[in-house]
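Visitor: I'm new to this one. Could you show it to me and take a few questions?

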Amino acid sequence: MSAQHNTRIVLASRPSGRPGAENFRLEQAPIPQPGAGEVLLRNHLLSIDPYMRGRMDAGRSYAAPVPIDGVMEGRTVSQVLASSAAGFAPGQWVVAPGGWQTHAVVPAAQLTRRLDPDGPPLSTALGVFGMPGFTAYAGLREIGKPQAGETLVVAAASGPVGATVGQLAKLQGARVVGIAGGEAKRAYLEEIGFDAALDHRAADFADALAAAVPDGIDVYFENVGGAVFQAVLAHLNDFARIPVCGTVSNYNTRHRLPDGPDLLPGFISQVLRQRLLVRGFIQSDFAALFPQFEADMRQWLLAGQIRYRETIVQGLEQAPQALADVLDGKNFGKLVVKLD
């Protein structure tokens, strides 16, 4: 990467199904300069998250899509190079909406979080100590509300959201069952203290789930949807709470109906009959909680009460494949692209 240019990846076309290399374009452009109230950043770490797939579509969502020929959206850990805004000086570290590029100009108003380079590793600000960790924290606190002795089940449990959900629920005295894909991920859940860990790819998954929740499920933290959700439905207790923060199993097919029977009428009937609480949420819904999350998570990390796993790949050009891996469930833990 040349320090004389901004190297960036833009959205070349909207995918139909799984995104591929043809949907992106790597290019170089002049390094932008900050105007009044703006800051020039050098992006060092790029977060890769499932929500990015939705930004590639033009359909209605809770946020605007990335325009064709626009820089792909993404959170970054960045360092200030130049500032035309009060309160920011060269050398400071921040979390920014820097996107898939080496340099970015960002309005200072969007830089709401400064980082201490002597605190937790900077990469954690994109994972357990950042948006994914806060998603787990807020979804449990405001919707799931696990109580001591209750059973919580979480899907995609080895990912940065799911692993944090499980460990936080354990701190609150709940019994925690994690669902992940593959034996290595399943074993990792046992390593970090889950009471039971299941592989949804196993032939006996349905039976294993039934055995793991003999008293039913009080909280189901939904990250996946699809067949895993259908298996869980049979074990929900009355008044179960279901925070829904992702349905990654259908991100590549969200604009067409799935094959098979229409399960919606039966599900709606179950919601009524069992008085289920089902709430979709975006972590920004609970932004007012972030300062408390930051203080709590810092202490839990320092005390070793919350553990995490990261996969770091080298080079901006790896970002398209990294996103495909996240959508396919091939990553292990939080996936971060190192741009240096």
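Visitor: Which residues does Phe205 touch, not counting residues up to four places away in sequence?
Guide: Keep in mind that this is a predicted model. Phe205 sits in helix H5, which covers residues 205-212. Leaving out residues up to four places away in sequence, Phe205 touches Ile179, Leu198, Asp199, His200 and Ala231.

Visitor: Is Phe205 buried or exposed?
Guide: The cut-off for buried is under 20% relative accessible area. Phe205 has a relative accessible area of 8%, so it counts as buried.

Visitor: Where does the largest nonpolar core lie?
Guide: That core has 45 residues, and Ile48, Trp100, Tyr220 and Leu236 have the most contacts inside it. Domain 1 (5-127 + 310-338) and domain 2 (131-285) both give residues to this core, so its place is between domain 1 and domain 2.

Visitor: How many residues apart in sequence are the parts that Asp49 and Lys334 tie together?
Guide: Asp49 and Lys334 form a salt bridge, with their closest N and O atoms 2.6 Å apart, and both residues are buried. Asp49 is in the loop between strand E3 (38-47) and helix H1 (51-55), while Lys334 is in strand E15, so the pair ties together parts whose separation in sequence is 285 residues.

Visitor: Is Arg307 buried or partly exposed?
Guide: Arg307 meets Glu191 in a salt bridge, at 3.2 Å from N to O. Arg307 has 37% relative accessibility, so it counts as partly exposed.

Note on methods:
Residues are numbered from 1 along each chain as its sequence is written. This is a predicted model: local features need pLDDT of at least 70, side-chain atom pairs count only at pLDDT 80 or more; totals for chains, interfaces and linings use all residues. Side-chain values use heavy atoms; hydrogens and water are left out. Helices (H or I, at least four residues) and strands (E, at least two) are DSSP runs, numbered from the N terminus. Buried means under 20% relative accessible area, exposed over 50%, partly exposed in between (1.4 Å probe, protein chains only). Contact means heavy atoms within 4.5 Å. A nonpolar core is a set of buried Ala, Val, Leu, Ile, Met, Phe, Trp, Tyr and Cys residues joined through side-chain atoms within 4.5 Å. Domain bounds come from an automatic or database domain assignment. A salt bridge is a side-chain nitrogen of Lys or Arg within 4 Å of a carboxyl oxygen of Asp or Glu.
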